[in-house]
Amino acid sequence: MRFVMVGTGAVIATAKHIPIAMMLTEEIDIYVEDAADAEWISDLIDGSIGRDSQFHRTFGYYGDGVSSHTAIMPLDWRSRATEYVTADGSATAICPSAEDIAIAKLCAWREKDQAWLHEAFRSGVAKADRAMTLVRGGLPEAAPAPAELVRRIEVVTAPG
């Protein structure tokens, strides 16, 4: 089974040093790559390891079944992703780069995303200059205009 992690969980899994403020989430957004029935799989994830499940109560975090359309990232995000294979080889977790996750958060632009972005760029977990380059590359049609995404990067990286 191949899972894709999007959101904060992907960065927590891949960053070598991450500020505590960026780790304050119990939610891991995941979907199954190339699922024949993505909605059914998402519901299965929610039901088995989702919020308030036995898994959540046991481990303190939970899986949120999402889709490949949940996070708006550069079209070539997969080329920068990191793959982790379980010891028994039965599952692979695909984690987009911190900059690709940053772009997804720039697209979503919720208050919690803005705080996360500020900390990610301040700490160097995600590189603002790299995100700017990616924003000017190929993005899905659902993404805000590149100029707006650059403006958002400037907002979260402004001093003060």
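Modeller: A nonpolar core here is a set of buried Ala, Val, Leu, Ile, Met, Phe, Trp, Tyr and Cys residues joined through side-chain atoms within 4.5 Å; buried means under 20% relative accessible area, exposed over 50%, partly exposed in between, with a 1.4 Å probe and protein chains only. The model is predicted: local features need pLDDT of at least 70, side-chain atom pairs count only at pLDDT 80 or more, and totals for chains, interfaces and linings use all residues. Numbering runs from 1 along each chain as its sequence is written, and side-chain values use heavy atoms, without hydrogens and water.

Colleague: How many residues are in the largest nonpolar core?

Modeller: It has 45, and Val-6, Val-11, Trp-116, Leu-117 and Phe-121 have the most contacts inside it. Helix α4 gives the most to this core, 7 residues. Helices (H or I, at least four residues) and strands (E, at least two) are DSSP runs, numbered from the N terminus.

Colleague: Why is α4 largely enclosed?

Modeller: Because 10 of its 11 residues (98-108) are buried. Among them are Glu-99, Asp-100 and Lys-105. The cover includes β1 (2-6), α1 (8-14), α5 (111-123), α6 (128-135) and α7 (146-157).

Colleague: And what does Leu-117 touch?

Modeller: Leaving out residues up to four places away in sequence, Ala-102, Lys-105, Leu-106, Trp-109 and Val-156; contact means heavy atoms within 4.5 Å.

Colleague: New topic: is Trp-109 buried or exposed?

Modeller: Trp-109 is buried, at 18% relative accessible area. It sits in the loop between α4 and α5, with a positive phi near 55°.

Colleague: Which loop holds Asp-34?

Modeller: The one between β2 (27-32) and α2 (38-49). Asp-34 has a positive phi near 60°, and it counts as exposed at 73% relative accessibility.
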